[in-house]
Amino acid sequence: MPQYAKDQPAGFANTIERVAIVGAGGTIGSHIVKALLETGRHTVTAISRKGSDNKLPEGVQIAPVNYDDAATIVAALKGQQFLIITMAPTAPRDTHSKLVQAAAKAGIPYVMPNGYAGDIENVKIGEDMMLGPIAQAQRDEIESLGMQWITVCCGFWFDYSLAGGESRFGFDFDKRTLTVFDDGNTKNSTSTLSQVGRAVAKVLSLKELPEDENDKTLTLASYFNKGVYIKSFVISQNDMFESVKRVTGTTDADWTVTHEDTKKRYAEGLAQVKTGNMAGFSKLLFARGFYPDDPSDLSAKAQNELLGLPDESLDESTQVAIDLVKELQLRVERMAS
Ligand SMILES: NC(=O)c1ccc[n+]([C@@H]2O[C@H](COP(=O)([O-])OP(=O)(O)OC[C@H]3O[C@@H](n4cnc5c(N)ncnc54)[C@H](OP(=O)(O)O)[C@@H]3O)[C@@H](O)[C@H]2O)c1
């Protein structure tokens, strides 16, 4: 049943003010927090493990939790209107479920689950990438507990994936090598970390509910149990290479370029994962994303204009990626997964 502001109890503000976020100091969470705080409309609370040494952004309130003690998570989430989960892929698998169950107990109506990936409606690619069924189960759990989810469909993170080593977009900036998948012309829709942050802040700054049945404006409710589709660049590896050469002032002669077949690369990554070697995971994930006959491209559904997201400069984003290389190299365990 659609909900309307006119039917809510007196004092209903029709805005999302109190936002809790898991991973406030993490790769994507830090960008989401920055964008939320910049709106000046939200109080942001970091749900963070007690004793975590992750640096949390200034301006957030901190609610320490112990994932082995459900009561601490419920207490941390009490009074919040929206829970954003950006959880490390290395976290134990049941942590997401613990959070969602605690959110239901705390009375939180809306959850943004872990995801931040491709098109949730492309079931086949989700299965091939192995992440689709997991994310589907996480969304199902939220619904089964009587809450609504809003997930972000952004494709690969452009700057992170360019910076993140050979197993992602094929670039190794230290060795100046590039592994080109097939002929390097397959395009993917990608989003920068900052574009994802802005999109989340835009959606959470919408009116929570339509005023009444005649109100057709975009609201948070427009996204209940749906994806927010966004993009920065629809781009091939060859396009990226041109940008990298411009930004670094290098030429073809400075780079060693090799070619690999995406289907062979996918099979190799899968074989590694099956033997418990998770280094194969990003290899299979990105190889699958670049299949020439079925690439990861959600750009036809992107809602950038609807959300008022800016166009970005490719070369500036490439520079951001290059600046990120060393930082990601320090996160050895995280980047190996
Ligand atoms: N589209 C893409 O290209 C792409 C790429 C990578 C990831 N992703 C998606 O984005 C999600 C978030 O990734 P991220 O890189 O932002 O995460 P991250 O920075 O690695 O970690 C986020 C937070 O998870 C918490 N955490 C870490 N280890 C944990 C553990 N063992 N138990 C419980 N909590 C733990 C930490 O928060 P505290 O220390 O504050 O507790 C950390 O700040 C991924 O799971 C994946 O779904 C998408």
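**Burial, core and backbone of a predicted model**

L178 is buried, with 22 other C-beta atoms within 10 Å; here a residue counts as buried if 20 or more other C-beta atoms lie within 10 Å of its own, as exposed if 12 or fewer do, and as partly exposed in between, the C-beta atoms being placed from the backbone. The structure is a predicted model, in which local features need pLDDT of at least 70 and side-chain atom pairs count only at pLDDT 80 or more, while totals for chains, interfaces and linings use all residues. Residues are numbered from 1 along each chain as its sequence is written. L178 is placed in strand β9, and, when residues up to four places away in sequence are not counted, L178 touches G170, F171, F241, W255 and V257, a contact being a pair of residues whose C-beta atoms, placed from the backbone, lie within 7 Å. L178 and Q303, by comparison, are 125 residues apart in sequence and 32 Å apart in space, C-alpha to C-alpha.

The secondary structure of the protein comprises 13 helices and 13 strands, where helices (H or I, at least four residues) and strands (E, at least two) are DSSP runs numbered from the N terminus. The radius of gyration of the protein is 20 Å, close to the 20 Å that the globule rule gives for 337 residues, so the protein is as compact as a globular protein of that length; this radius is taken over C-alpha atoms, and the rule is 2.2 Å times the number of residues to the power 0.38. The C-alpha trace spans about 70 × 45 × 40 Å along its principal axes, and buried residues make up 43% of the 337 residues. Among contacts between residues at least 6 apart in sequence, 75% join residues at least 24 apart.

The largest nonpolar core holds 83 residues, of which I21, V111 and V200 touch the most other members; such a core is a set of buried Ala, Val, Leu, Ile, Met, Phe, Trp, Tyr and Cys residues joined through C-beta atoms within 7 Å. Helix α7 (residues 193-204) supplies the largest share of this core, seven residues, and the core draws at least three residues from each of domain 1 (5-156 + 192-229) and domain 2 (157-190 + 233-295 + 311-329), with bounds from an automatic or database domain assignment. Neighbours within four places in sequence aside, V200 is in contact with I32, A35, I84 and V152.

The buried residues of α3 are H96, L99, V100, A102 and A103. Viewed down the axis of α3, the buried residues fall within an arc of 165 degrees, so they line one face of the helix, the arc being that of the directions from the helix axis to the C-beta atoms. Their cover includes β1 (18-22), α2 (70-77), β4 (82-85), β5 (110-112) and α5 (132-144).

Most residues other than glycine have a negative phi. M130, although not a glycine, has a positive phi of about 70 degrees; M130 is found in the loop between α4 (123-128) and α5, and is partly exposed, with 14 other C-beta atoms within 10 Å. R176, also a residue other than glycine, has a positive phi near 55 degrees and is found in the loop between β8 (171-172) and β9 (177-181), where R176 is partly exposed, with 14 other C-beta atoms within 10 Å.

Note on methods: Contact = placed C-beta atoms within 7 Å.
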